[in-house]
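Visitor: Could you walk me through this model, one feature at a time? I would like to learn how to read each of them.

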Amino acid sequence: MDPDAVAKAFVDHYYSTFDANRAGLGNLYQEGSMLTFEGQKIQGSQSIVAKLASLPFQQCKHNITTVDCQPSGAGGVLVFVSGTLQLAGEQHALKFSQMFHLMPTPQGSFYVLNDIFRLNYA
Amino acid sequence: MEEQIDLVGKAFTDHYYHLFDNDRQALSSLYRPSSMLTFEGQKILGVEDITAKLTSFPFDQCQHVISTIDLQPSTFAGGIVVFVSGSLQLPREEHHLRFIQMFHLVPVLEGNFFVHNDIFRLNYE
């Protein structure tokens with residue numbers, strides 16, 4: 001398992017899915033998954049997708065500036081992302097940082113166990 | 001359980017930045033041979049090389065001011081993931097730097113943790 005390859009593939013897939021159709025993120029999370037979104041704690045795939053689908057914008061575009069990754073142990077991968085988020089109709093892009101802890105599935109792919117998102121205000 | 005994660009995670013974070021700001025050599029107690037640090041994209045492995053990197057910065061003291069700390073249990077063997085944002089004031093610098101950092105803490109003995117994973121990025125304007 002090459003953590004860099006896993007991280008890159010995941011980041012590409014995650015943000016392109018987020019930007020095109022947030023409801024499609026559901027199969028990246030499981031029941032034990034945790035999201036902390038701007039300090040709000042949410043658990044489980046259903047609640048997480050409900051939260052992401054409820055964000056008050058239709059379209060957005062993530063631009064990734066940095067991706068760092070490390071193996072977390074037990075086959076997991078930690079991914080640390082920074083970038084900007086452009087919301088449709090907004091003049092200025094928002095800066096954000098996000099971390100994911102990916103764990104392997106029996107089928108040979110990865111799911112998101114831990115997800116923490118923060119906007120980075122000036 | 002959640003309260004315990006919060007307590008442990010916050011206590012660790014306070015301790016980490018206190019050591020960093022006042023006695024970086026002492027940070028070696030928080031890492032092990034299996035620890036990994038990625039510092040502004042540079043990958044460093046093991047307590048010795050990590051301590052060497054952290055003590056190589058051209059200042060003695062600095063001040064971290066923490067804005068946000070988010071914590072979650074990482075399930076793998078009772079670990080905790082910690083996600084920190086804040087600012088860093090270096091001596092003789094007029095403006096502070098903004099940073100983000102994540103840690104994956106793994107338990108050693110009952111109630112004791114070490115830093116298994118550490119990723120640090122400056123957050124430029």
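**Strands, helices and the interface**

Guide: Let us start with one pair of residues: Leu35(A) has Ile42(A) of β2(A) as its bridge partner. Strands (E, at least two residues) and helices (H or I, at least four) are DSSP runs, numbered from the N terminus, and two strands pair if DSSP finds at least two bridges between them. Here β1(A) and β2(A) are joined by four bridges in the antiparallel sense. Before we go on, please note that this is a predicted model, where local features need pLDDT of at least 70 and side-chain atom pairs count only at pLDDT 80 or more, while totals for chains, interfaces and linings use all residues. Residues are numbered from 1 along each chain as its sequence is written, chains are lettered from A and ligands numbered from 1 in the order in which they are written, and side-chain values use heavy atoms, with hydrogens and water left out.

Visitor: How many residues lie between the strands in the hairpin of β1(A) and β2(A), and which residue takes a positive phi there?

Guide: There are two residues between the strands, and Glu38(A) has the positive phi, near 50 degrees.

Visitor: In what order do the strands of the chain A sheet come?

Guide: In chain A six strands make an open sheet, ordered β2-β1-β6-β5-β4-β3, with mixed pairing. β2 (40-43) and β3 of chain A are at the edges with a single partner strand each, so each has one side without a neighbour in the sheet. From one strand to the next, the twist averages 15 degrees.

Visitor: Which strand pairs show me parallel and antiparallel pairing?

Guide: For the parallel case, look at β1(A) and β6(A), joined by five bridges; there, Thr36(A) stands opposite Ile116(A) of β6(A). For the antiparallel case, take β4(A) and β5(A), which pair over nine bridges. Leu78(A) has His101(A) in β5(A) as its bridge partner.

Visitor: Where do the helices of chain A sit on the sheet?

Guide: Contact means heavy atoms within 4.5 Å. Axes are lines fitted to C-alpha atoms, for helices over the stretch in contact, with angles from 0 to 180 degrees between N-to-C directions. Helix α1 (residues 3-20) of chain A lies across β1, β3, β4, β5 and β6 of that chain, at about 150 degrees to β3(A). Helix α2 (residues 45-53) of chain A touches β1 and β2 of chain A, and its direction makes about 40 degrees with that of β1(A).

Visitor: What is the strand order in chain B?

Guide: Chain B has an open sheet of six strands in the order β2-β1-β6-β5-β4-β3, again with mixed pairing. Its edge strands, β2 (42-45) and β3 (63-73), pair on one side only. As an example, β3(B) and β4(B) (residues 80-89) pair in the antiparallel sense over 10 bridges, and Val65(B) has Ser87(B) in β4(B) as its bridge partner. Helix α2 (residues 47-54) of chain B lies across β1 (31-39) and β2 of chain B, at about 45 degrees to β1(B).

Visitor: How much area do chain A and chain B bury between them?

Guide: The size of an interface is often given as the accessible area lost when the parts come together. Buried area is that loss, taken with a 1.4 Å probe and summed over both parts. Chain A and chain B bury about 2,500 Å², 57% of it on carbon and sulfur atoms. In residues, 30 of chain A are in contact with 29 of chain B.

Key. Buried area = accessible area lost by both parts, 1.4 Å probe.
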